[in-house]
Amino acid sequence: MSYYQGNDFKKITGGKKGRRRDKRKYELGGPPINTTLAGEEERKIVRTVGGNTKVKLKRAAYVNVYLPEEKRVRKVKILDVVNVPSNPQLARSKIIVKGAVVKTEVGLVKIVSRPGQDGVLNGVLVK
């Protein structure tokens, strides 16, 4: 099944717009990659427009955290997904997205990267 991400040919008021052309290949998208908390990490490599590649993180176990007191970045294990401000249902399902707060070995960490787009989890320590 394809995911159309172009114009839906409807006006804001609900009326129909005239269709001046057909749907184009570059207006298609794909299903979302819901990065879940798991015991080991799994990545998926996808071909994108122009023959480029994109790494998508399917399952995550670790996050790169910047520790200001040590002035360095450490790779720490994720223990639990605490809160997802954009959608509380994602926290219950243990799905990690940008903005999610996860519990780690060093404390609470806020995710600042997009795991479905970047293929890596980066975070900052929450005080």
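The legends below describe an overall view and several close-up views of a predicted model.

Residues are numbered from 1 along each chain as its sequence is written. In this predicted model, local features need pLDDT of at least 70 and side-chain atom pairs count only at pLDDT 80 or more, while totals for chains, interfaces and linings use all residues, and side-chain values use heavy atoms, with hydrogens and water left out.

**Figure 1. Overall view of the protein chain.**
The protein chain has two helices and eleven strands; helices (H or I, at least four residues) and strands (E, at least two) are DSSP runs, numbered from the N terminus. Read from the N terminus, the order of elements is β-β-β-β-β-β-β-α-β-β-β-α-β. The C-alpha trace spans about 60 × 35 × 25 Å along its principal axes. The radius of gyration of the protein chain is 19 Å, whereas a compact globule of 127 residues would have one near 14 Å. This radius is taken over C-alpha atoms, and the globule rule is 2.2 Å times the number of residues to the power 0.38. Of the 127 residues, 24% are buried; buried means under 20% relative accessible area, exposed over 50%, and partly exposed in between (1.4 Å probe, protein chains only). Contact means heavy atoms within 4.5 Å. Among contacts between residues at least 6 apart in sequence, 35% join residues at least 24 apart.

**Figure 2. The open sheet of four strands.**
The strand order in this sheet is β4-β5-β3-β8, and the pairing is mixed. Because β4 (42-47) and β8 (95-96) stand at the edges with a single partner strand each, one side of each is left without a neighbour in the sheet. Two strands count as paired if DSSP finds at least two bridges between them. Strand β3 (residues 35-37) runs parallel to strand β5 (residues 53-60), with two bridges between them. In this pairing Leu 37 stands opposite Ala 60 of β5.

**Figure 3. Arg 47 in strand β4.**
Arg 47 is located in strand β4. Its relative accessibility is 65%, so Arg 47 counts as exposed. The C-alpha atoms of Arg 47 and Leu 90 are separated by 27 Å, and these residues are 43 apart along the chain.

**Figure 4. Strands β7, β9 and β10.**
Strand β7 (residues 72-83) pairs with strand β9 (residues 101-104) in the antiparallel sense over four bridges. Asp 80 has Lys 103 in β9 as its bridge partner. Strand β9 also pairs with strand β10 (residues 107-111), again antiparallel and over four bridges. Here Val 101 stands opposite Lys 110 in β10. Two residues lie between β9 and β10, which form a hairpin.

**Figure 5. Glu 27 and its surroundings.**
Glu 27 lies in the loop between β1 (3-4) and β2 (28-29). At 10% relative accessibility, this residue is buried. Apart from neighbours within four places in sequence, Glu 27 is in contact with Tyr 3, Tyr 4, Gln 5, Gly 6 and Arg 21. With Arg 21, Glu 27 forms a salt bridge in which the closest N and O atoms are 2.6 Å apart. A salt bridge is a side-chain nitrogen of Lys or Arg within 4 Å of a carboxyl oxygen of Asp or Glu. Arg 21 is partly exposed, at 33% relative accessibility.

**Figure 6**
The whole structure holds six salt bridges. One of them joins the side chains of Glu 41 and Arg 43 at 3.1 Å, N to O. Glu 41 is partly exposed at 26%, and Arg 43 is partly exposed at 42%. The side chains of Glu 42 and Arg 59 meet in a salt bridge at 2.0 Å, N to O. This pair links distant parts of the chain, with Glu 42 in strand β4 and Arg 59 in strand β5, 17 residues apart. Glu 42 has a relative accessible area of 29% and is partly exposed; Arg 59, at 36%, is also partly exposed. Glu 42, Lys 58 and Arg 59 are linked in a network of salt bridges.

**Figure 7. Lysines over tyrosine rings.**
The charged end of Lys 23 sits over the ring of Tyr 4, 4.5 Å from the ring centre. Lys 77 lies over the face of Tyr 62, at 5.3 Å from the ring centre. A charge sits over a ring if NZ of Lys or CZ of Arg is within 6 Å of the ring centre and within 35 degrees of the ring normal.
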